[in-house]
Amino acid sequence: MTKQNKALKDDINECLLVIDFGSQVTQLIARRLRELNVYSKIHPFQNINQKLLKELSPKAIIFSGGPRSVLDKNSPKISKIIYKLGVPILGICYGQQLLMFQLGGKINSKEKKSEFGRAYIKQKRKSKLLDGWFDKNFEEVWMSHGDHVSEMAINFKVLATSKNAPFAVVADEKRNFYGVQFHPEVYHTPKGKILLDNFLKISGFRRDWTMQSFYQDAIKNIRKKIGNNKVICALSGGVDSSVTAILLHKAIGNNLTCIFVNHGLLRKNEHFEVLKMFKDNYKIPLIYANESKLFLSKLKGITSPEKKRKIIGNLFVKVFQDYAKKMDDIKFLAQGTLYPDVIESISVNDGPSVTIKSHHNVGGLPKKMGLKLIEPLRNLFKDEVRKLGNELNLPNTFIKRHPFPGPGLAIRCPGEVTIKKIKILQNIDEIFIDQIKKYNLYNEIWQAFSVLLPTRSVGVMGDKRTYDYACVLRAVTSVDGMTADYFKFDQNFLSDTSTRIINEVSGVNRVTYDITSKPPGTIEWE
Ligand code: XMP
């Protein structure tokens, strides 16, 4: 082995350790680092001990934000050995306050100096951490803090201040310890990624992490976890479950069987298209389970969005369990769960994150399932899954498909779900997507769909009175589904589409367009 190769091999696990103190956006730190070609590992603060630090041998460390006050007796702390490792540390929000507090600074929680949302910081001193910042007098950042640092720890200098954070950015440049009160990992801090990039430069990372490395690690981890056991994979035809299936197939071959469940809540002709798309491109064992009657009967009379989601989630699992029993020897259920599904469905680390909606594959699962879960994409965001799909040579027909939620049209049909409503919705949806394709807009839009409202309104057609359903068209742009903006169609598109829907779909006499972004709305209606 050449000297250079040996050095590379020795250093192969160049790792940045992110210590999680319970912030909702901790995964965004890891995501930004992946964008900057650095591999990171997130560990909850409770897990940090000498053994783990030795094992990981991190090249740098980031402390995440968190919901607590460092002044609370039981708030998350870590052993001070971390400060003796001699590696650069960046503390974010709670992480900055903890860094200051543990190194002898002071935190003030009494004086009302909170900042939530957009804030502006001014430079006090130059630093490598802020290279590329302050080409004007101030920079925009995103804050979310109640307490603030009121006295710096020894040897630290202030680099920038905001109105309510006198120590918005601090540094001890000898030890390469940095603290920022704001969140550089969120999009709303426009130059946040530059700051993280600077921190990586200061830490001397090689920057050779790519989606290819993720792919190789994922294959290794799947093999380790599954061994020679058999797996069923819930396939929906969307990019997440398709990537999951291909990844698993590469790792374990025909020990994988995919199951495509038709719950009767799919788009028009979707089950034909998905089956064809999959069979045309892959030779993976695939079972088609038509369970429409079962799902629709259990949804009868149910109007609450969360109840619908839970019923569908439980039925999915029941169907998988039934097939697993028939097939013998199945130990694992694989799903294409992504990070946004997780963060919106469960409360993480007892933090402030609340359940927004139970994504069927996370919050809707029963406690006892009899199958172990495997979710290789659980830490990724949608656009990263698409990149992984490219890495796996998935055809564009898979990669560029708009997302479609597990509970399907049930959550686009507020109120009770009936076969009649689903049929109307399928017809509206078909026209809307057809129009979008005709106008060449499909790839500009993150997701487009229709919602059938339970409300009926009076109309007049051909001199006759109508009393039919109203529908909503929704189309959004987004990067990762966590935030979204409504798509700005031109007037011709909207008029043309509305006319087609009213003329071609019976049972609808009014078309509206949803102009709500996320937040405050969510993308789906339920
Ligand atoms: P929301 O409505 O939460 O949607 O803003 C964000 C993205 O997630 C999709 N979505 C789901 N996907 N199972 C899924 O696989 C679900 O239960 C589910 N609910 C929402 C939604 O279509 C959008 O792309």
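Trainee: What is the relative accessible area of asparagine 37?

Mentor: Asparagine 37 has a relative accessible area of 28%, so it counts as partly exposed. The labels work like this: buried is under 20% relative accessible area, exposed is over 50%, and partly exposed is in between, using a 1.4 Å probe and protein chains only. Before we go on, this is a predicted model, in which local features need pLDDT of at least 70 and side-chain atom pairs count only at pLDDT 80 or more, while totals for chains, interfaces and linings use all residues. Residues are numbered from 1 along each chain as its sequence is written, and side-chain values use heavy atoms, with hydrogens and water left out.

Trainee: Good to know. Where does asparagine 37 sit, and what is its phi?

Mentor: Asparagine 37 is in the loop between α2 (26-35) and β2. Its phi is positive, about 65°, although the residue is not a glycine. Most residues other than glycine have a negative phi. As for the labels, helices (H or I, at least four residues) and strands (E, at least two) are DSSP runs, numbered from the N terminus.

Trainee: Which other residue has a positive phi, near 60°?

Mentor: That would be arginine 207, which is not a glycine either. Arginine 207 lies in the loop between α5 (192-203) and α6 (211-226), and a relative accessible area of 25% makes it partly exposed.

Trainee: Let's zoom out. How many strands form the open sheet, and in what order?

Mentor: Nine, in the order β2-β1-β3-β4-β11-β10-β9-β6-β7, with mixed pairing. Two strands pair if DSSP finds at least two bridges between them. The edge strands, each pairing on one side only, are β2 (40-44) and β7 (138-145). From one strand to the next, the twist averages 20°.

Trainee: How do β1 and β2 run, parallel or antiparallel?

Mentor: Parallel: five bridges join β1 (residues 16-20) to β2. Within β2, proline 44 stands opposite aspartate 20.

Trainee: And what about β9: is that strand mostly covered or mostly open?

Mentor: Mostly covered, as five of the six residues in β9 (157-162) are buried. On one pairing, β6 (residues 115-123) runs antiparallel to β9 over three bridges, and glutamine 123 stands opposite alanine 160 in β9. On another, three bridges join β9 to β10, again antiparallel; there valine 158 has valine 170 as its bridge partner in β10. A hairpin of six connecting residues takes β9 into β10.

Trainee: Which strands does helix α4 lie across?

Mentor: Helix α4 (residues 94-102) lies across β3 (60-63), β4 (89-92), β7, β10 (169-172) and β11 (177-180), and runs at about 120° to β4. For such angles, axes are lines fitted to C-alpha atoms, for helices over the stretch in contact, and angles run from 0 to 180 degrees between N-to-C directions.

Trainee: Now helices on helices. At what angle do α7 and α12 pack?

Mentor: Helix α7 (residues 239-252) and α12 pack at about 40°, with axes 10 Å apart. That makes α7 oblique to α12; under 35 degrees is roughly parallel, over 145 roughly antiparallel, 65 to 115 roughly perpendicular, and the rest oblique. The residues in contact are Val239, Asp240, Val243 and Leu247 of α7 with Lys382, Val385, Arg386, Leu388 and Gly389 of α12. Contact means heavy atoms within 4.5 Å.

Trainee: What about aspartate 383, buried or exposed?

Mentor: Buried, because its relative accessibility is 16%. Aspartate 383 is in helix α12 (residues 382-391), and it touches Arg31, Val479 and Asp480, not counting residues up to four places away in sequence.

Trainee: One more residue: what does valine 25 touch?

Mentor: His183, Glu185 and Val186, leaving aside neighbours within four places in sequence. Valine 25 lies in the loop between β1 and α2 and counts as buried at 18% relative accessibility.
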